[in-house]
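Here is a short report on a structure. Read it with the model open.

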Amino acid sequence: MLDAVDCSVSLGGAPVLSGVTLRLGPGEVVAVVGANGAGKSTLLRLLAGEIAPSAGAACLDGRPLSTLHPRALARRRAVMSQASQLAFSFTAAEIVAFGAEAGGAPRRLGEALARRALARVDLAGCENRPVSTLSGGQAQRVHLARALAQVEAAERRGEDGGAAPRFLLLDEPTASLDLRHQLHALGVARAMAARGLGVLAILHDLNLAIRAADRIVALAGGRIVADGAPAEVVDDGFVARVYGLTLPVGRAPTPGIPFILPQSAPPFAPA
Amino acid sequence: MLAPSPAARPRRLGRASVLVGLVLLALAAFASLSLGAAGLGPAAVARALGTALGEGRAALDPTTAAIVLDIRLPRAGLAILVGAALGLSGAVMQGLFRNPLADPGLVGVSSGAALAAVTVIVLGRETDALLAPGLGPHLLPVAAFVGGLAATLVLKRLATVSGRTSVTAMLLVGIALTALFGALTGLLVFVADDGQLRELTFWTMGGLGGATWVKAFGALPLMLPLACAAPFMARGLNAAALGEAEAFHLGIDVERLKRLGVLAVAASVGAAVAVSGIIGFVGLLAPHLLRVAVGPDHRALLPASALLGATLLLLADLGARTLVAPAELPIGILTACLGAPVFLWLVLKRRATLGA
């Protein structure tokens, strides 16, 4: 279990999260949605152990993340952050192999896992290309592959009897991806959950979030304003609370699945 | 399912680069031993070395023994030591700062170390009597280490804004620090007497003249921590190339890596400056050439940078000794002649992104 219990976080003196309680369990895909600045990335960094809460506790299986060594953490969870700046000209395979090695794979196995993870994100053939020569979307997928290789290596290593669940934290995994690869990336996330991983992904496209996630967690102003199955929580009131928009939520074409059509928003005009 | 990987190519290249580096270093070392003002050729030197190893020094004619064993050998040894320390320091520092332009000589670390060393030379005369006699060979390296460390900490502090080290800020702060330390060194030169002056020229331009085994062994203890830590830092530096947060996600204790790296680099550069003065650009040149040739993976880059740094400095010293023989060029001038154009080229290549 990856838990945030009544967590508050301040960055540079400004409160970003207040009283957030969230549990990420094995086998589920949780989508985090919310307006820009609602605290989504901060929540992800909190669960990654990157920042400590000023109040409350962030725990892995009941143990505060801050008490775990970075290496031990790296064998239980992998993180894909938003577009990072690469300092030197590493190849795609090298970057993904760093993930595998962080998960505990020896070097040779790491290279094999890296190739497999790259194939998984539809980048077979790009192994030896420097990441700096890839497009933004391709580079994004390299980092997704790195996170996949990391959890896979950790799984193979089988510490804690291999029974302890691993977690995958993805900050906008679909950003700058084309439609096909957006669906593909979320398909990968679902497949990982089916293998028993807990997946948390920050998503901007509500319709994608509804299709991909078991649970939707909505943040507004640093607080959780909704947490539940998409069919239950996403309604007109939800869209108003989260985005401050009056948008009708439709039902169909698949019965019971809500969808949002921005075309039906009021015309662009000064608010 | 998991077939032998074509991706293994970069790694083998990495290993090969270390082997090639060793061969080049051996060749450069032999060239350095064989060429010089005394006109003792390769064959004579090889014979002398063989005799010294086999039958001992007494079997050699005293002049040959003095030239090969007392002058050229310690000088080559010191060049290897200092070059390796500078090459490795450059590679580690560039990894820590996440930038290929971070050369200890360029961003004020070496001049901070030199200032501290010069202070000891000029002001130390008065306090000499107070010091324990055995401290002599270690006092300069330690002072240079403290100076280099202080400069590194100030640099990192001033160039880092909310966790991100800006390249532009780093280079500008480096320029300011170099200028400031240079001015303070100048002030000390102004109050120095004639004997001290000659010693001081050496600090500011660098040189391996007057190398002895005592000097080399005095510097060695401060160079060892970086050499020993480097293999353990390689994975962390690789991960750090993705960013500090990403390195943490990959299981790296980033704060510890930075602390260890900064301390070990300052010690290593301080020791190098203490025995050879400011020799710039070796730490820039060696890692840069290697990133082009074998790629940026620090597991190969770090050992290869040490080897290439040593080779470059041996060759630069060879040039310094022979180009205007019997006089000697300050070696720092030679390395700057080679390194400055490369630096300029690096800057031009990244000109578009430097403003960021």
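In which loop of chain B is Pro100(B) found? Pro100(B) is in the loop between α3 (62–97) and α4 (109–127) of chain B. This is a predicted model: local features need pLDDT of at least 70, side-chain atom pairs count only at pLDDT 80 or more, and totals for chains, interfaces and linings use all residues. Residues are numbered from 1 along each chain as its sequence is written, while chains are lettered from A and ligands numbered from 1 in the order in which they are written. Helices (H or I, at least four residues) and strands (E, at least two) are DSSP runs, numbered from the N terminus.

Pro100(B) counts as buried because it has 23 C-beta neighbours inside 10 Å. The cut-offs are 20 or more other C-beta atoms within 10 Å for buried, 12 or fewer for exposed, and in between for partly exposed, with C-beta atoms placed from the backbone. Not counting residues up to four places away in sequence, Pro100(B) touches Gln94(B), His288(B), Arg291(B) and Leu346(B). Contact requires C-beta atoms, placed from the backbone, within 7 Å. Gly90(B) is 10 residues from Pro100(B) in sequence and 8.7 Å away in space, C-alpha to C-alpha.

**A helix pair.** The axes of α11 (residues 282–294) and α12 (residues 298–322) of chain B come within 9 Å and cross at roughly 125°. Axes are lines fitted to C-alpha atoms, for helices over the stretch in contact, and angles run from 0 to 180 degrees between N-to-C directions. α11(B) is therefore oblique to α12(B). Angles under 35 degrees count as roughly parallel, over 145 as roughly antiparallel, 65 to 115 as roughly perpendicular and the rest as oblique. Arg291(B) of α11(B) is among the residues making the contact.

**Residue classes.** Ala, Val, Leu, Ile, Met, Phe, Trp, Tyr, Cys and Pro count as nonpolar, Asp, Glu, Lys and Arg as charged, and the others, Gly among them, as polar.

| Contact set | Nonpolar | Polar | Charged |
|---|---|---|---|
| α11(B) with α12(B) | 13 residues | 2 residues | 1 residue |

**Between the chains.** 24 residues of chain B are in contact with 27 residues of chain A. The largest share of the chain B side, 4 residues, comes from α9(B).

**The sheet in chain A.** 6 strands form an open sheet in the order β6-β7-β8-β3-β9-β10, with mixed pairing. Two strands pair if DSSP finds at least two bridges between them. The edge strands are β6 (77–80) and β10 (223–228) of chain A. β3 (residues 29–34) and β9 (residues 215–220) of chain A run parallel, joined by 5 bridges. Val30(A) has Arg215(A) as its bridge partner in β9(A).

Technical notes: Contact = placed C-beta atoms within 7 Å.
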